[in-house]
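Open the model in your viewer and colour it by chain. The stops below say what to select next and what is there.

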Amino acid sequence: MASALSAQSPVRGMIQRAATDALVKLDPRKLAGNPVILTTEVVAVLASFSTVAEIASHRPAAFAGQIAGWLWATVLFANFAESIAEGRGKAAADALRAARVDTKAKLIVDQATGTTVPTSAHKLAVGDIVLVEAGDMIPADGEIIEGVASVNEAAITGESAPVIRESGGDRSAVTGGTTVVSDWIKVQVTAAQGDSFLDRMIAMVEGADRRKTPNEIALAVLLAGLTLIFLIAVASLVGLGRYSGVVIDPVILGALFVCLIPTTIGGLLSAIGIAGMDRLLKFNVLATSGRAVEAAGDVDTLLLDKTGTITFGNRMATEVISAPGLAPDAALRAAMMASLADETPEGRSIVELANSQGVAGEAPPDAISIPFSATTRLSGLEIGNMTWRKGAVDALLGHLGMTRADMAPELSQAVDRVARSGGTPLAVAEGTRLVGVIHLKDVVKPNVKARFADLRRMGLRTVMITGDNPLTAAAIASEAGVDDFLAEATPEDKLRLIRDEQARGRLVAMCGDGANDAPALAQADVGVAMQTGAQAAREAGNMVDLDSDPTKVIEIVEVGKQMLITRGALTTFSIANDVAKYFAIIPALFVVSLPALGALNVMQLASPQSAILSAVIFNALVIVALIPLALRGVKYRAIGAGALLGRNLAIYGLGGVVAPFIGIKLIDLIVHNLGLA
Amino acid sequence: MLNQLRPAVMSLLALTLLLGLAYPLAMTGLAQAVVPNAANGSLVRVGGRVVGSRLIGQMFTRPDYLQGRPSAAGDGYDPTQSGGSNLGPLDPKLADRIAKSAAALGGDRRTLPADAVTTSASGLDPDISPEFARRQVARIAAARHMDAAAVQALIDQHTEGRFAGLIGEPRVNVLAVNLALDQRFRTGKPQS
Amino acid sequence: MTWQGWAEIALTLVLTVAIAWPLGIHLARVLEGRATPLDPLLRPVERAILALAGPQAATSQTWLGYTAALLAFNVAGFVLLYAVLMLQGMLPLNPLKLAGLSPDLAFNTAISFVTNTNWQAYSGETTMSNLSQMVGLTVQNFLSGATGIAIVGALARAFAAHRGEGLGNFWRDVVRVSLHVLLPLSVVMAVVLAVQGVPQTLAQHIDITTLEGAHQTLVVGPVASQEAIKQIGTNGGGFFNANSAHPFENPSPLTNLIAMIAMNGLAFGCVVAFGRIAGARKEARALVAAMALLLAVAAGAIYLAETQATPALLQAGLASAPNMEGKEVRFGAAASAVFAAMTTGASCGAVNAMHESFTPLGGGVALFLIQLGEILPGGVGSGLYGVVVMALLSVFVAGLMVGRTPEYLGKKVEAREIKFAMLAVLILPLAILGLTAVAAVLPVALKGLSASGPHGFTELLYAYSSGGGNNGSAFAGINANSPWWNDTMALDMLLGRFGYIVPVMAMAGAIVAKPKLAPSAGTLPSDNGLFIGLLIGVILILGGLQFFPALALGPLVEHFQMLARTAAPLR
């Protein structure tokens with residue numbers, strides 16, 4: 001996980017860069033996308049003019065000046081929040097850019113002879129074919145059309161162990177910026193310079209083409225609407241106040257307006273979005289858009305491949321059943337002998353099982369291994385005239401010239417029992433005699449059951465996808481605790497399942513790596529492609545997992561939810577804050593003309609001016625105080641929607657009502673005692 | 001919207017005939033046939049002469065009559081100008097008016113019921129509270145030279161309690177009491 | 001305060017909410033086009049009217065088509081009513097030979113009745129002929145209510161659909177609601193009222209000589225038939241100036257109880273019907289609960305306020321007494337308080353006591369109920385769509401806090417819905433605060449006020465709140481029959497009605513096209529106590545934030561002034 005993406009630049013540097021950025025972002029054009037903060041800036045400008053006018057006419061301007069100053073601070077704090085969120089991504093982007101140095105590619109100009117011409121990488125066009133040899137950097141994204149090579153992809157994944165890439169199949173995609181360590185390959189370029197995977201990654205990490213997500217747009221509409229409502233409420237005060245003989249200082253009116261509009265969430269909204277993408281990056285997952293992250297929070301159905309996600313990729317031997325009349329460990333020994341030369345994980349697990357039960361042995365040098373072949377579906381060992389063979393039950397029976405009916409009933413029952421329990425039965429023969437049955441078991445990863453229970457509480461349905469027969473699938477499904485399974489699944493079945501779920505109004509997430517997963521990945525609302533997977537899969541999905549760890553989908557869903565929760569919590573907090581601000585400002589505004597309204601000054605603030613100033617200061621500081629929360633995100637808890645809402649409402653709703661009463665009172669004490677107002 | 005013109009006009013006309021003419025006329029016919037007295041204003045007659053409506057308050061100023069509440073309808077109990085004083089609770093005009101009413105009523109002000117000095121919402125309130133009626137017993141008895149207990153008994157007779165024990169307030173219908181007073185104690189007639 | 005008073009308030013609210021279920025179930029049947037018990041009588045009439053209306057009444061309409069039909073119907077209704085009022089002097093059933101109305105008053109009154117507001121800048125007994133009351137006002141009492149209820153059908157269908165398009169047919173909805181719901185209910189109530197003493201006659205004046213020999217002119221007319229639909233359709237426009245305080249409109253505590261149940265029962269019933277059509281019965285129950293809870297608290301608050309003695313009473317030496325100024329003896333403080341809460345909670349606007357003479361807090365609560373957007377339970381139909389907008393906003397803000405794109409009743413709440421919901425919500429402060437702020441500095445407007453200081457301010461604010469909220473009640477000291485008031489109030493009422501309906505219909509158009517999502521354990525539940533609390537919080541905070549400054553300058557300051565005075569009554 002030491003990826004380029006998790007690179008940390010020094011904290012102090014980041015803060016400095018963010019502070020500079022915050023000033024640059026004062027440019028109103030840059031604030032156009034954030035109506036709340038833009039409005040605040042307009043009011044700050046007006047307050048500043050007002051201050052200058054006061055000074056020019058030799059009237060006391062300290063109060064107006066302080067208000068103007070804190071309004072500017074409000075804008076700067078909001079900008080700072082966004083900059084600091086962008087900072088991490090910028091640092092990661094710099095690391096990635098280092099990988100994008102220009103290389104000389106060996107462009108094949110004549111297919112027949114294989115003649116190459118050195119060409120600058122950025123001059124390569126889609127469809128060009130290049131030769132990449134050991135030690136060369138792959139010049140562009142492409143598909144291997146010939147050859148096998150081990151490739152170091154650390155530049156992208158941070159994983160330094162090389163991976164095998166070969167033509168044909170699901171491991172044929174290579175990424176520009178990675179390096180061939182051994183052998184050679186011919187690569188057909190699939191992405192033009194500037195549009196490569198690395199380029200897209202940099203853009204994404206940097207947030208350069210960050211577009212607002214649907215939910216962000218909806219929230220922005222709500223905030224703009226609230227801003228308008230408060231504009232009406234505040235502007236109308238001019239007329240309403242005039243009736244009651246109250247002449248309201250425009251600076252105070254502006255201060256009231258800024259305090260009421262949702263500056264807290266308005267200032268932190270984009271930071272929350274960027275931080276959400278960033279949290280995904282920490283998991284080494286790259287989303288093609290914020291929209292995808294948001295959709296992850298909404299997922300109802302999670303399709304999980306059995307192998308690698310729910311079970312360890314490899315089956316393991318857990319017992320060997322002897323044929324009747326044999327010594328108890330005769331079959332175990334035979335199974336071990338048949339597996340001595342078998343380097344597959346299954347074979348090794350049989351040897352380990354035997355060793356753990358005190359049966360040991362080694363293949364003598366003259367032993368001849370019988371390798372597994374697709375035609376015989378058997379493997380084994382031959383020492384002199386002794387042979388041991390193991391394989392699928394019907395294959396071995398066929399080899400021995402037997403049928404199921406010829407099997408000892410005990411063994412036949414054992415075969416059925418193993419199959420029913422979700423395992424794979426293998427038969428073992430010594431010479432021409434059937435001696436036993438090996439139980440190969442799909443081992444469910446520890447903890448998955450608990451995680452699926454969490455998911456269920458989050459409201460997600462898990463569906464296991466497997467090529468196994470329904471019997472085996474059902475047994476594993478119940479052991480892992482998934483809600484449903486799809487057995488003997490073909491890629492078409494997967495696609496159909498996704499469409500069915502979607503037709504029922506559910507959002508579906510899945511991960512995949514094969515080229516044949518591409519349609520399903522594209523169809524799913526959240527498709528997570530494995531970085532090691534086929535190019536087609538990587539193109540079809542809307543997220544790429546650089547670690548190629550399919551269990552990551554669960555974290556992705558949590559990050560999506562966390563982002564939405566953080567937005568909701570801060571919006572609620574922001575709106576709830578207004579109650580206290582009213583109680584600070586309204587009495588201050590009217591008390592001179594209507595002394596009876598002094599009764600509304602429940603906080604006992606020192607003076608009208610200090611009340612207003614304190615509210616404005618609180619409004620600005622609360623943004624800073626909430627930056628860490630915006631970046632970290634409100635923690636997601638899988639306790640069910642109702643309980644989660646109750647909890648967050650108590651904290652951010654009630655808390656949002658209460659907190660500013662305390663905060664404004666404290667600030668008022670300070671402001672008053674310092675003689676600021 | 002032009003293609004909606006025909007349905008708009010046709011359905012409006014049809015519904016107007018049904019709801020604006022047929023419905024109220026049918027209701028009028030039905031009410032006149034079944035409950036003619038109620039449908040015509042619950043009129044009260046004395047010797048064939050209509051002297052008022054049981055439901056509409058009248059101005060009573062004579063000491064031998066039970067008197068109603070102050071009224072803001074026209075010059076007092078004018079059904080063509082129904083309505084309240086619409087004075088706010090802090091309006092000095094209200095304080096003055098109430099102070100005058102209280103002074104005119106006399107007696108221990110602390111026990112004076114609020115309806116005695118306040119105008120009703122309609123200005124036509126036919127009722128007063130039993131407490132307000134009780135305060136007038138002595139005056140009526142004196143004016144009519146009769147036993148106070150008899151007057152109180154008559155008022156009790158015309159006191160209506162809460163509907164079902166819960167709904168509304170106990171009340172005395174002023175016109176009903178005064179009609180009963182006239183009927184039982186002819187001495188109360190004006191000496192004109 | 002008496003225990004009977006509290007019991008009466010509780011009983012009234014319980015009966016009102018209880019009757020919402022039979023009414024809502026019936027309404028749902030009507031909107032779904034199913035058979036009703038009165039079909040043998042009403043189906044032929046319905047068929048005839050729809051046949052007259054032509055082919056437009058037989059197709060399924062998109063939101064645009066539905067809205068266009070709705071607007072066309074209301075424009076036609078306005079034109080007819082305006083004409084009747086202007087030409088009153090030349091039309092029959094006018095025994096008193098009352099003249100036509102002035103153009104601005106006729107305009108104001110026609111808008112007022114078409115928008116279900118029933119703001120009355122005139123005094124009924126001296127302005128309207130029996131024909132105007134019947135063919136003009138009673139008809140719009142039916143049709144403005146039916147218009148609101150029709151939208152219940154359209155909105156419910158939008159939530160029920162899965163990637164749908166049509167919202168139903170407006171003509172069918174409005175005709176069926178008028179015939180199968182409003183007419184039978186009105187007939188029953190009119191009969192009960194007539195039996196209880198509400199006049200129902202074509203006579204208009206009865207001259208009498210009172211016991212003391214004075215002259216009195218009783219005003220009568222076809223009151224019962226209009227009174228029934230005035231309450232059922234949450235119209236509130238009284239036959240008489242004193243409205244439901246008038247003994248001929250509301251002669252007894254029993255008729256008062258019936259009037260209250262009538263003016264809120266169907267509005268709650270609209271929520272029940274919505275739940276049944278949209279397949280969201282539990283969620284509808286939660287909406288009803290939130291609305292009823294807030295209404296109950298408001299009624300209790302007004303009762304508390306109105307049983308306090310006012311400075312005027314204390315100064316005159318009365319020990320302690322309820323604030324009976326502007327209240328009828330037969331109703332007392334309790335029935336007046338609960339009526340005030342229900343009429344302002346419901347955008348009805350009928351009054352059985354004079355709100356202007358209420359204590360500052362009593363009148364302030366009534367005013368705030370209007371400003372909350374007339375959703376407790378709101379007008380027939382309008383209360384439902386108002387509360388759905390609030391529910392959408394609640395779900396949107398708080399729903400994010402469960403970590404999903406918010407959804408309500410299986411429909412995702414996204415930018416389009418929020419945009420239209422906010423447009424609708426914006427209309428009320430724009431109309432109310434905007435017009436109040438302008439009027440507050442214009443002598444031509446202030447001339448109409450009967451009070452000065454904070455009370456006069458409340459009178460002003462109440463008027464524009466009442467218009468924008470389509471309530472129609474008033475701090476009735478105001479003299480609003482002048483061109484300025486007639487025209488700005490008409491604008492206020494139009495904005496509050498159609499400025500809200502059009503965005504709501506657009507929202508329905510966006511919702512109908514969305515896929516209907518299946519709920520999961522991760523979906524924010526919108527049928528439990530937590531949601532009820534959330535909805536109440538959002539309604540109060542949103543309303544409070546908009547109107548707190550204005551309320552501070554009116555009822556609040558007056559309240560504190562009153563406290564200062566009652567503390568030292570003999571000053």
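**A tour of the predicted model**

In this predicted model, start with chain B: the C-alpha centres of its domain 1 and domain 2 lie 41 Å apart. To see the two parts, select residues 2–36 for domain 1 and residues 48–185 for domain 2.

Stay on chain B and colour by pLDDT. The mean for chain B is 93, and 96% of its residues reach 70 or more. Now select residues 188–192 of chain B, where pLDDT stays under 50. For this stretch the model has six contacts beyond four places in sequence.

Next, show the chains together. Two pairs of chains are in contact, and chains B and C share the most contacts. Chain A and chain B are joined by no contact; their closest C-alpha atoms lie 14 Å apart.

Which residues touch the most other members of the largest nonpolar core? Select Met543(A), Phe159(C), Phe274(C), Tyr408(C) and Trp485(C); the core has 353 residues. Then select helix H21 of chain A, residues 553–590, which gives 19 residues, the largest share of this core. Domain 1 (2–36) and domain 2 (48–185) of chain B both contribute residues as well, so the core lies between them.

Zoom in on Phe159(C). Leaving out residues up to four places away in sequence, Phe159(C) touches Phe274(C), Ala278(C), Val388(C), Leu392(C), Tyr408(C), Leu409(C), Lys411(C), Ile511(C) and Lys516(C).

For the last stop, select Phe132(B), Val137(B), Val151(B) and Ala321(C). These are among the 41 residues of another core, which lies apart from the largest one.

Conventions:
Residues numbered from 1 in each chain as written. Chains lettered and ligands numbered in written order. Predicted model: local features only at pLDDT ≥ 70, side-chain atom pairs only at ≥ 80, totals over all residues. Heavy atoms only, no water. Contact = heavy atoms within 4.5 Å. pLDDT = per-residue confidence, 0-100. Core = buried A, V, L, I, M, F, W, Y, C linked by side-chain atoms within 4.5 Å. Buried < 20%, exposed > 50% of the residue type's maximum accessible area, 1.4 Å probe, protein only. Helix = DSSP H or I, 4+ residues; strand = E, 2+ residues; numbered from the N terminus. Domains from an automatic or database assignment.
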